[in-house]
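Here is a brisk report on strand pairing and helix packing. The structure comes first, then the details.

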Amino acid sequence: MTRLIEVSDVILRDAHQSLLATRMATEDMVPACQDLDNAGYWSLECWGGATYDACIRFLNEDPWERLRTFRKLMPKTRLQMLLRGQNLLGYRHYEDSVVRRFVDKAAENGVDVFRVFDALNDFRNLKTAIEAVKATGKHAQGTICYTLSPVHTTAAFIKMAQELKDMGVDSIAIKDMAALLKPKAAYDLVKGIKDTCGIDTVVHLHVHATTGVTMVSLMRAIEAGVDIVDTSVSSLSLGSGHNPTEAVVEMLEGTGYATKLDMSRILKVKKHFAEVRPRYREFVGEFGGVDTEIFTSQIPGGMISNLESQLKGQHATHRLAEVLEEVPRVRADCGFPPLVTPSSQIVGTQAVFNVLMGQRYKVLTSEFANLMLGYYGATQGVKNPEILARAEAQLKKPAITVRPADLLAPEWDDLRAQAAANEGFNGSDEDVLTWAMFPQIAAKFFKARPEGPKYLGKATEVVATEAVAVTLDESKVCRSPITGVVARIDVKPGDVVAEGATLAVIEAMKMETPYESPRAGTIKTVDVKATEGVKEKQILFTFA
């Protein structure tokens, strides 16, 4: 008897996040929606993750409108989102009522399946979100972030699955964001979950293709009893992306397993995205093949293309290899967290700074310091005590062991008031939530939203300008060490500052980094403004 294997396709979210730095516009996805909706998928992942961020940061699109568009165009198929538990889609923890409000609004706007995960596998950070999903009547999928380290074992992951089952989830996802799940481990883990949690436990496997081994892992997981697998239509697959949908269908022929997918529909989708993909070639990273060295660096597929793009912005693409070597060292220092958003960005960005600054931990990003101190939750491994002490000194607060959200006061009314103070705020809960996720970016987005979507797939003309030579006393000049956005300025002309004092905070690669004064003295000029973009080596301040 043939056993049905359900398929979820990630082409509308994780595929272009992994391969095109999340820059694909909604208008390039709309033409494929009818075929996707009629192809026979269990679900279509289309929202959450970095797509929400990219919509307002780069594309001038309202992410809620994107979701509503998908819901309208694909009424037959479950729409799935990726939700970071207590982080929602931002880079900090939110108070419980905000989490519940977000889940309610996401369900109202069209999400059917919530894949809820925590970057540290600290399930205290999933509880509120899962309860909120269950309250809406939608599908709550609890997630195990798969990783390799001295403290992560198959037995430990099976125990996590039982914890999720006890929390009342509708299904359990194994999320292998870096293509680390080898075939034997895939079989043992899926079989172990089924044996421990019950044969009726729905197990959903998500793997990337980066290391080249996970097509076999999918097959072994299917043989072990997995119920649903994630794939991506072939024209946006492989490399740091996912295994091709069509290849999985063909692989199962004659094996006693089968999908219910309509290949004629899928081939139309393949053709569409094959035509679309070249328009985004400037966002395609150098990585396009197989890299087994990822078993060491553990950089997830969704991060590689973004990491390359971020290094390009710092004029440092040639240092990618150094960064990949530094990532495992940083990861060990902070207790071996799985590398998935936001921990992948936090650890990866800290590794970038360690390399670019020429000294390890010369600067700690605020997010990395908070990760060290437990404000994202607990890690499985022990943290480097020296770096932990530096984090405490920088943030001037202690390390914690409680659930981080337990320390948060109700914040919805304050968030609404803050959002309402911005030009272009439309009064909706959705806009409040956008502000809550990314306040600095949201302020720009609200104001620019009436201009309509910004289509990055179109070629733009670059106008060259002649450089003007200026002689400066460099001992009195403060230059930005990185390319980014000025998140905050802490001084004004005439202020007397000590060496090491924080003069500003610069957001780069989605992380906030304090800019510390290289000397003591009196500020003569402030040459940038808050929310303004800055280039590497651009003048920020001068001293008298």
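## Barrel, helices and a second sheet

Eight strands close into a barrel in the order β2-β3-β4-β5-β6-β7-β8-β9, with parallel pairing. From one strand to the next, the twist averages 30°. The model is predicted: local features need pLDDT of at least 70, side-chain atom pairs count only at pLDDT 80 or more, and totals for chains, interfaces and linings use all residues. Residues are numbered from 1 along each chain as its sequence is written, and side-chain values use heavy atoms, with hydrogens and water left out.

Some terms apply throughout. Helices (H or I, at least four residues) and strands (E, at least two) are DSSP runs, numbered from the N terminus. Two strands pair if DSSP finds at least two bridges between them.

Strand β4 (residues 78-83) pairs with strand β5 (residues 113-116) in the parallel sense, over 4 bridges. Q80 stands opposite V113 in β5. Helix α4 (residues 63-73) packs on the sheet and touches β3 (43-48) and β4. The direction of α4 makes about 165° with that of β3. Contact means heavy atoms within 4.5 Å. Helix α6 lies across β4, β5 and β6 (139-145), and runs at about 155° to β6.

β6 and β7 also pair in the parallel sense, over 5 bridges. G142 has I172 in β7 as its bridge partner. Strand β7 (residues 171-176) is mostly covered, with 6 of its 6 residues buried. Buried means under 20% relative accessible area, exposed over 50%, and partly exposed in between (1.4 Å probe, protein chains only). S171, A173 and K175 point one way from β7, while I172, I174 and D176 point the other way. In a regular strand the side chains alternate between the two faces of the sheet.

Two packed helices are described by the angle between their axes and the distance between the axes. Axes are lines fitted to C-alpha atoms, for helices over the stretch in contact, and angles run from 0 to 180 degrees between N-to-C directions.

| Pair | Angle | Axis distance |
|---|---|---|
| α5 (residues 96-109) and α6 (residues 127-136) | about 40° | 9 Å |
| α5 and α19 (residues 429-437) | roughly 125° | within 10 Å |

α5 and α6 are therefore oblique to each other. α5 and α19 are oblique as well. Angles under 35 degrees count as roughly parallel, over 145 as roughly antiparallel, 65 to 115 as roughly perpendicular and the rest as oblique.

D96, V99, R100, V103, D104 and A107 in α5 meet T128, A129, A132, V133 and T136 in α6. The residues of this contact divide into 6 nonpolar, 2 polar and 3 charged. Towards α19, the α5 residues V98, R101, F102, K105, E108 and N109 meet D429, E430 and L433. That contact divides into 3 nonpolar, 1 polar and 5 charged residues. Ala, Val, Leu, Ile, Met, Phe, Trp, Tyr, Cys and Pro count as nonpolar, Asp, Glu, Lys and Arg as charged, and the others, Gly among them, as polar.

**The open sheet.** Four strands form an open sheet in the order β11-β18-β16-β13, with antiparallel pairing. Its edge strands are β11 (477-479) and β13 (496-497), each pairing on one side only. Strand β16 (residues 521-526) pairs with strand β18 (residues 539-543) over 3 bridges. T525 has T542 in β18 as its bridge partner.
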